[in-house]
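Let us walk through this model one step at a time.

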Amino acid sequence: TCHQWGYGEEDGPSAWHNDYPIAQGNRQSPIDIVPTETVYDASLAPIMLSYDLCTSVNISNNGHSVVVEFDDVDDRTAIRGGPLENAYRLKQFHFHWGGKGCHGSEHTVSGKTYASELHLVHWNSAKYKTFGEAAAAPDGLAVLGVFLEGSTADFRGFSPKCLLPNSLNYWTYPGSLTTPPLHESVTWIVLKEPILVSEKQVGKPPAVATDGEVPNAVVQRRGGGQKRMENNFRPPQPLKGRKVRASFN
Ligand SMILES: NS(=O)(=O)c1ccc(NC(=O)CN2C(=O)C=CC2=O)cc1
Ligand SMILES: [Zn+2]
């Protein structure tokens, strides 16, 4: 289709506005979160995550990330509370990462980048019938962002709960999808505490690619050449007067 986008020189974030003019909209994500400029809002409720009965259905490489999709036929697996008016149903989670160093997160904290960022994507099933419909509505989605420090995550007996830090202190702001179609439909909830993942939690990864990298998903590059999927993060976007609220003092 005409809407081929990526993270390279020609098709990367600085070119997305050509096919997706909303890229220059007023509530784009990610952003740089500056803690001293956030506003503590005591009326913000704690977030509640019910991930115990989650049923993952598949894991796939969509050419932009590795995505784990869930069965979203009911609200068993949902996020509630926080800035949200009702339950939002878990649809999928995926990651953004860098190449070698500590770059890879999409949100930054006073300019600090993390090695990776996990996004748990939920949709407002109380107001909309499908994910696609919700994805285009201003209050349609809620994405929980979790920073990852380090390079390997423990995936034994996997449940999204094991990818969460001890504290659920968060920042929240109105934003967008961070990849095309860049819909301005996301209530972002970004946890302050990163999760720490390290080699020693999982021992040596089963297969280490020749250049010592943990094998990334590979993507078919136009012209048939295989290219490593890495640096799939969009840089911070203008705040445009938006308020970032903190659930903690
Ligand atoms: N990185 S993020 O903001 O969490 C992010 C999260 C999700 C999507 N895209 C989708 O869910 C694709 N999609 C639509 O836009 C409508 C139906 C559908 O599957 C893009 C970005
Ligand atoms: Zn994402």
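The site of the zinc ion (ligand 2) is tetrahedral, with angles of 100 to 116 degrees among its four donor atoms. Four donors count as tetrahedral if all angles lie between 85 and 135 degrees. The ideal angle for four tetrahedral donors is 109.5 degrees. Donors are N, O and S atoms within 2.8 Å of the metal (3.2 Å for Na, K and Ca); water is not among the atoms, so sites may look incomplete.

This is a predicted model: local features need pLDDT of at least 70, side-chain atom pairs count only at pLDDT 80 or more, and totals for chains, interfaces and linings use all residues. Residues are numbered from 1 along each chain as written, chains are lettered from A and ligands numbered from 1 in written order, and side-chain values use heavy atoms, without hydrogens and water.

H94 (NE2), H96 (NE2) and H119 (ND1) coordinate the zinc ion at 2.0 Å. H94 lies in strand β7 (residues 88-97) and H119 in strand β9 (residues 116-123), 25 residues apart. Strands are DSSP runs (E, at least two residues), numbered from the N terminus. H94 counts as buried at 12% relative accessibility. H119 is buried too, at 1%. Buried means under 20% relative accessible area (1.4 Å probe, protein chains only).

Now follow β9 to its neighbour. β9 and β10 pair in the antiparallel sense over eight bridges. Two strands pair if DSSP finds at least two bridges between them. Here W123 stands opposite L141 in β10. Eight of the ten residues of β10 (residues 141-150) are buried, so the rest of the structure largely encloses this strand.

Notes:
Tetrahedral: all angles 85-135°; square planar, octahedral: opposite > 155°, others 65-115°. Helix = DSSP H or I, 4+ residues; strand = E, 2+ residues; numbered from the N terminus. Buried < 20%, exposed > 50% of the residue type's maximum accessible area, 1.4 Å probe, protein only.
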